[in-house]
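Please work through the exercises below with the sequence and the 3D structure at hand. Each task is followed by a solution in steps.

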Amino acid sequence: MVSDGIRISAAETLSILRWVREMSYHDDADTVPLAPRIKGQVHEMSEVMQDNFEKVVNRGENLDEVQEKAEQLSHAAAEFSTSAVHLKKKLLCQNLKPLAIILIVILFLIMAVVILVIIAVSLKTQNK
């Protein structure tokens with residue numbers, strides 16, 4: 001906790017709260033006389049410190065939630081990356097299938113033409 005440039009840890013805050021409570025009990029027993037103005041200031045300080053302590057505890061809980069969500073997001077990102085690579089490969093195969101079929105058809109046509117030329121040439125040489 002920071003107040004007017006002074007840093008107070010949670011443990012220190014708890015010990016101050018305990019001291020304030022003890023002072024309240026002592027005041028009730030009239031062993032330590034406290035002026036009403038000082039007692040009011042101590043009570044106000046006690047409330048502020050209790051609020052600050054609750055905020056620190058809540059902040060810790062919120063940080064835990066944020067960390068958990070960050071881990072979940074990291075796992076989701078890894079899964080997304082894996083599925084994106086898989087999808088990319090699948091789409092590449094889908095795009096290459098028509099091209100492969102066209103190339104095979106062209107190769108058969110070229111082979112047919114070459115075979116016909118070879119047959120025509122061999123027939124011409126046999127006829128001479």
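## Confidence and conventions

The protein has an average pLDDT of 81, and 81% of the residues reach at least 70, where pLDDT is the predictor's confidence in each residue, from 0 to 100. The model is predicted, with local features needing pLDDT of at least 70 and side-chain atom pairs counting only at pLDDT 80 or more, whereas totals for chains, interfaces and linings use all residues. Residues are numbered from 1 along each chain as its sequence is written, and side-chain values use heavy atoms, with hydrogens and water left out.

## Exercise 1

Task: describe the secondary structure of the protein and state where confidence is lowest and highest.

Solution: Begin with the inventory, which comes to 2 helices and 2 strands (DSSP runs of H or I with at least four residues, or of E with at least two, numbered from the N terminus). Along the sequence these follow the pattern β-β-α-α. Then turn to confidence, which is lowest in strand 1 (residues 2–3), at a mean of 46, and highest in helix 2, at 88.

## Exercise 2

Task: determine what percentage of the residues count as buried, and whether Leu103 is buried, exposed or partly exposed.

Solution: Of the 128 residues, 7% count as buried, that is, under 20% relative accessible area, with exposed meaning over 50% and partly exposed in between (1.4 Å probe, protein chains only). Leu103, placed in helix 2, is partly exposed because its relative accessibility is 47%.

## Exercise 3
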